[in-house]
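Please read the following report beside the sequence and the model. It moves from the chain as a whole to its cores and then to its strands.

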Amino acid sequence: MRPGISQCRVGSSRLLLERQGALLRRYLERTVIPFSGHYASLGDDLRRVHCVEDLRHLPFTSKRDVQDNPRDFILIPDRKVLARRPSTLLRAVLHGRKAVEESFEREFRPSFMTFTTGRSAQPLAFLYTNHDLRNLQDAGGRIMRICEAKREMKMLNMFPYAPHLAFWLSHYAGTEFGVLMVSSGGGKVAGTEGNLRVMMKLAPEVLIGMPTFIYHVLQAAISRNLRCPKLSKIILGGEKAPPGMRRKLTDLATQLGAGHVDVLMTYGFTEAKMAWPECPYPEGEASGGFHLYPDLGIIEIVDPKTGEPVGEGRPGEIVFTPLDARGTVVLRYRTGDLIDGGLVYEPCPHCGRQVPRLVGRISRTSEVKEMHLDKLKGTLVDFNELEHVLDNVDAIGAWQMELRKANDDPLELDELILHVEKLGQSDESHLIHELNDRIASVIEMHPNRIIFESAEEMRRLQGVGAQIKEQRLVDHRPKVDPTATASLSRNGNGAHP
Ligand SMILES: [Zn+2]
């Protein structure tokens with residue numbers, strides 16, 4: 001890299017960090033310290049935060065912290081503090097007392113909530129005020145612009161209709177951008193047939209939803225000889241989409257008569273109240289990563305073991321601090337998500353935007369940990385890696401990993417069964433050999449059985465139309481003690497024999 005460019009880049013990222021530091025200081029002083037039960041007790045530590053780098057001196061917040069005392073994380077304004085502010089007095093003089101009171105209501109009164117989607121026993125509620133809804137809408141509009149959507153495009157939102165971030169962010173993205181968006185409610189509300197009907201009626205340019213569900217809908221469309229020639233973007237969220245899955249979605253879109261299709265991922269989580277998208281990028285090149293909104297939040301990447309921040313472009317765990325949230329507020333929130341390319345500040349090689357970006361692969365470890373699936377037959381298993389490997393096999397479509405106990409006896413050995421849908425004409429024994437090799441390369445064990453299933457059976461196994469989220473990993477191991485392993489319980493699909 002030429003020295004001139006490098007200096008300019010360092011300069012612009014420093015400027016950005018300075019600006020974020022100023023926003024952070026103001027947010028902590030004016031909004032968090034005076035009105036948060038939890039963070040008021042850390043007031044002295046928070047007052048020592050003068051720049052983004054100082055964040056490292058604050059303790060992390062974990063899901064457990066919020067679970068133990070959710071009310072403590074809700075901002076509850078103190079009228080006396082607000083009334084004493086010179087800005088409040090000035091606004092009261094200019095616009096009247098009532099107008100000022102109403103603006104505080106909009107800013108602080110909770111009016112909406114979403115829940116975490118983890119499999120832990122209790123989903124966590126995150127409260128939004130109208131101020132947050134405004135930011136949610138703003139973040140949605142940014143997704144549309146970064147994905148290079150056009151106003152005249154018609155969009156089909158296939159996220160499940162549920163109090164989850166993904167559905168509502170998509171909905172508000174549509175209203176903010178001013179585009180025609182139909183929300184089908186996903187598989188559970190409209191079923192595969194219902195989604196296909198809307199797709200045929202609307203002839204959308206853009207599909208929004210979870211990769212596994214969109215995969216099923218497109219596959220079902222092909223099996224009915226339907227066409228969707230206008231399709232030009234598939235915007236994914238809610239779960240990971242490894243390159244193999246994207247390739248399969250692109251292939252399905254081509255079979256439906258579509259031309260060039262951008263398959264773009266978003267990354268977000270309930271606690272951030274927003275998600276960040278990729279921008280379109282040429283085939284064969286690496287994604288520019290998830291484009292962050294530096295004025296709405298700060299992402300830090302830390303060493304998952306020591307908790308120490310790592311340098312630019314280094315792998316680590318994603319930690320989030322909002323800069324303008326109301327309602328439920330968590331600072332330095334540890335996501336449990338690992339990113340291998342880290343956080344970078346250089347302008348995006350594809351769209352040129354000068355915003356920080358998260359690049360590389362994200363592994364969501366929290367869910368696997370919650371389900372106690374990280375250990376199998378006494379061996380540590382990286383299911384995130386396994387997912388990538390299976391999605392990258394072109395000869396298979398939908399798949400599901402099933403965990404059982406031999407003979408359904410809790411004291412017996414764990415069994416790993418892979419259900420797969422074979423694509424094309426490949427030879428079964430050859431495919432079994434290939435799958436065994438690929439799986440053994442990441443988890444150092446072979447599945448006990450590989451079972452070939454029809455597309456229809458895979459839909460049933462994954463719970464398409466029956467579950468909020470399609471199941472790619474199911475645990476059918478009988479519970480020894482229901483109180484000790486409550487988080488293993490499955491939601492419906494996995495009834496124990
Ligand atoms: Zn970009």
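The report below covers overall dimensions, nonpolar cores and strand pairing.

This is a predicted model, in which local features need pLDDT of at least 70 and side-chain atom pairs count only at pLDDT 80 or more, while totals for chains, interfaces and linings use all residues. Residues are numbered from 1 along each chain as its sequence is written, and side-chain values use heavy atoms, with hydrogens and water left out.

**The chain as a whole**

The chain has 16 helices and 21 strands, both taken as DSSP runs numbered from the N terminus (helices H or I, at least four residues; strands E, at least two). A compact globule of 497 residues would have a radius of gyration near 23 Å, and the 24 Å of the chain agrees with this; the radius is taken over C-alpha atoms, and the globule rule is 2.2 Å times the number of residues to the power 0.38. The C-alpha trace spans about 75 × 55 × 55 Å along its principal axes. Buried residues, meaning those under 20% relative accessible area with a 1.4 Å probe and protein chains only, make up 53% of the chain.

**Nonpolar cores**

A nonpolar core is a set of buried Ala, Val, Leu, Ile, Met, Phe, Trp, Tyr and Cys residues joined through side-chain atoms within 4.5 Å. The largest has 111 residues, and Trp 276 and Leu 358 have the most contacts inside it. Helix α1 (residues 3–35) gives the most to this core, with 8 residues. Apart from it lies another core, of 20 residues, including Val 381 and Ile 443. Leu 358 touches, among others, Tyr 267, Phe 290 and Ile 339, where contact means heavy atoms within 4.5 Å.

**Strands and their pairing**

Two strands pair if DSSP finds at least two bridges between them.

Because 4 of the 5 residues of strand β2 (residues 125–129) are buried, β2 is largely enclosed by the rest of the structure.

Strands β18 and β19 belong to an open sheet of 4 strands in the order β20-β19-β18-β21, with mixed pairing. At its edges stand β20 (449–453) and β21 (473–475), each with a single partner strand, so one side of each is left without a neighbour in the sheet. From one strand to the next the twist averages 20°. Helix α14 (residues 383–391) lies across β18, β19 and β21, running at about 145° to β18; axes are lines fitted to C-alpha atoms, for helices over the stretch in contact, and angles run from 0 to 180 degrees between N-to-C directions.

Terms used:
Buried means under 20% relative accessible area, exposed over 50%, partly exposed in between (1.4 Å probe, protein chains only). Lists of a residue's contacts leave out its neighbours within four places in sequence.
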